[in-house]
Amino acid sequence: MASAEPYEVEQDPRWTACDEFQFPHLNPPSRPYYKSIQHALDNSLAKGLADISVAPSQGKFLSVQCQILGAKNVLEVGTLGAYSTIWMASSSPDVRVVTLEIDPRIAEIARENIRYAGLNDRIELLVGAAADLLPQLVDDVKHGRRPQFDFSFIDADKDNALHYFNWCKAASRKRGVVYIDNVIRKGLLADEEVAKTDGRIKGVRTAIEGIGKDDSLDAVVLQTVDVKNYDGFLMAIIK
């Protein structure tokens, strides 16, 4: 997964303490892909990638969400080191993940992590700008060259969040789910003044406003705190 540019984090020792208690219990080393998921995070940081992957519990949430949906076809916009990619790909032997990464150097690190996890057969990594690749994927779905997606995870630049969302929606099945990460941004979402100069804040506000006007969707925004930050996500289901 790849967030937009890093921004100052907000942390609280209570959030960290709760994550450090619950996560080892609910995701012990005996679980499948435990070592591969941790390797993806460690190797990405060792190779110099920014520490902007999802928090461990959020990665687990993505995996559980895929299981709840019975997702077999997943689309991810923003690969980074494939940490969230591997979480989703490990949700079921039947799942297939298409993930998009704009930076070829980062994509190579992601491929290393995918190979280490032994998930080459479940993950297809496409390199290029999402604005170019998403319309191609929609066309493939429209003409039967690819199946419709059950679940889409958007974690790329927030300036274009609504555009990415609309493309993902167009490639999704009815009752499919589209998820946009990092929409709260420490509460800056609600700051109209910041939105005038920060394209990321303006982008997520525009996405929420646009999605809310679409009667073919039902959506919610949830605020989250965890070991990494105070943020949140938008999740929409296609009616």
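**Group meeting: salt bridges and a helix pair**

Okay, let's start with a pair of side chains: Asp140 and Arg145 meet in a salt bridge, 2.8 Å from N to O. By salt bridge I mean a side-chain nitrogen of Lys or Arg within 4 Å of a carboxyl oxygen of Asp or Glu. Before I go on, this is a predicted model, so local features need pLDDT of at least 70 and side-chain atom pairs count only at pLDDT 80 or more, while totals for chains, interfaces and linings use all residues. Residues are numbered from 1 along each chain as its sequence is written, and side-chain values use heavy atoms, with hydrogens and water left out.

Back to our pair. Asp140 counts as buried at 18% relative accessibility, whereas Arg145 is exposed at 51%. The cut-offs there: buried is under 20% relative accessible area, exposed is over 50%, and partly exposed is in between, with a 1.4 Å probe and protein chains only. These two also belong to a network of salt bridges that links Glu124, Asp139, Asp140, Arg145 and Arg146.

Glu112 pairs with Lys47, and their closest N and O atoms are 2.5 Å apart. Helices here are DSSP runs (H or I, at least four residues), numbered from the N terminus. Both partners are partly exposed, Glu112 at 29% and Lys47 at 37%.

And how do α2 and α5 sit against each other? The axes of α2 (residues 34-46) and α5 (residues 104-117) come within 9 Å and cross at roughly 160°. That makes the two helices roughly antiparallel, a label for angles over 145 degrees. The axes are lines fitted to C-alpha atoms over the stretch in contact, and angles run from 0 to 180 degrees between N-to-C directions.

Which residues meet there? On α2 we have Lys35, Ser36, His39, Ala40, Asn43 and Ser44, and on α5 Ile109, Glu112, Asn113, Tyr116 and Ala117. Contact means heavy atoms within 4.5 Å. The residues of this contact divide into 4 nonpolar, 5 polar and 2 charged.

Definitions and conventions. Angles under 35 degrees count as roughly parallel, over 145 as roughly antiparallel, 65 to 115 as roughly perpendicular and the rest as oblique. Ala, Val, Leu, Ile, Met, Phe, Trp, Tyr, Cys and Pro count as nonpolar, Asp, Glu, Lys and Arg as charged, and the others, Gly among them, as polar.
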